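User: Hi! Could you walk me through this model?

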Amino acid sequence: MSQGYAIELYFDPALENQVLKAWNVLARRQISTQLIEIESRPHITLFSSPFIDPSKLENILKNFASKQEALAISFSSIGSIPSDSNVLFLAPTPSMPLLQFHSQLCDAMRKEGIEIVEEYRPGSWIPYCPVAEEVPKSRMAEAFTVLRDLKLPVTGYAMDIGLVEYSPVRELFSVMLGNTFEA
């Protein structure tokens, strides 16, 4: 049974491999294997909701993606989310193109009657790429040390946008940015 749906921004292969390298180092050290186990893909979550019609989002996302171009991404810092799930992440520099991309996506969804919850609204949304989940509190410092060795910034491009169902993670579809399609 699905717990919800998320719209995710995916990266070019080189940037994706840099994120996967962090996942794998943390897994080898037995700090966190959660993202690998749930078969996630390196991403930035743009929107998430337990109550959404995925078929409605498909047309919105295909139309939106066709009007966008690849987006430069620079992961320049590491951080954590203060919650019980102990998430560690790479944070992209919050560039104006990234923030505008997110804002335009929210506008496109609102025009179709989709409500954007507070944490994903422009002005509240915090972009990040998870690299570890369920990190034991006793291993947080070690995990940060591992991530600090990543030689930031790590740069590349966001190349496509997709819709996933979770949990477990199952990609329903993805579409390349700038990809034109016949409606």
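Analyst: Happy to; we can take a helix pair, the core and a few loop residues in turn. This is a predicted model, where local features need pLDDT of at least 70 and side-chain atom pairs count only at pLDDT 80 or more, while totals for chains, interfaces and linings use all residues. Residues are numbered from 1 along each chain as its sequence is written, and side-chain values use heavy atoms, with hydrogens and water left out.

User: Great. At what angle do helix α1 and helix α5 cross?

Analyst: Roughly 140 degrees, with the axes of α1 (residues 13–28) and α5 (residues 140–148) coming within 10 Å. Axes are lines fitted to C-alpha atoms, for helices over the stretch in contact, and angles run from 0 to 180 degrees between N-to-C directions. Helices (H or I, at least four residues) and strands (E, at least two) are DSSP runs, numbered from the N terminus.

User: And which residues make the contact?

Analyst: Ala-22, Val-25 and Leu-26 on α1, with Ala-143, Val-146 and Leu-147 on α5; contact means heavy atoms within 4.5 Å. That gives six nonpolar residues, no polar and no charged. Here Ala, Val, Leu, Ile, Met, Phe, Trp, Tyr, Cys and Pro count as nonpolar, Asp, Glu, Lys and Arg as charged, and the others, Gly among them, as polar.

User: Switching topic: how many residues are in the largest nonpolar core?

Analyst: The largest nonpolar core has 56, and Ile-7, Leu-9, Phe-75, Met-109, Val-131 and Ile-161 have the most contacts inside it. Such a core is a set of buried Ala, Val, Leu, Ile, Met, Phe, Trp, Tyr and Cys residues joined through side-chain atoms within 4.5 Å. Buried means under 20% relative accessible area, exposed over 50%, partly exposed in between (1.4 Å probe, protein chains only).

User: What does Ile-7 touch?

Analyst: Not counting residues up to four places away in sequence, its partners include Phe-47, Leu-61, Met-109 and Ile-161.

User: Now loops. Is Pro-127 buried or exposed?

Analyst: Pro-127 is buried, because its relative accessible area is 10%. Pro-127 sits in the loop between α4 (96–111) and β5 (129–132). Leaving aside neighbours within four places in sequence, Pro-127 contacts Ile-44, Ala-91, Pro-92 and Leu-98.

User: And where is Ser-85?

Analyst: In the loop between β3 (71–81) and β4 (87–92). Ser-85 is partly exposed, at 26% relative accessibility. The C-alpha atoms of Ser-85 and Glu-133 are 6.1 Å apart, although 48 residues separate them along the chain.
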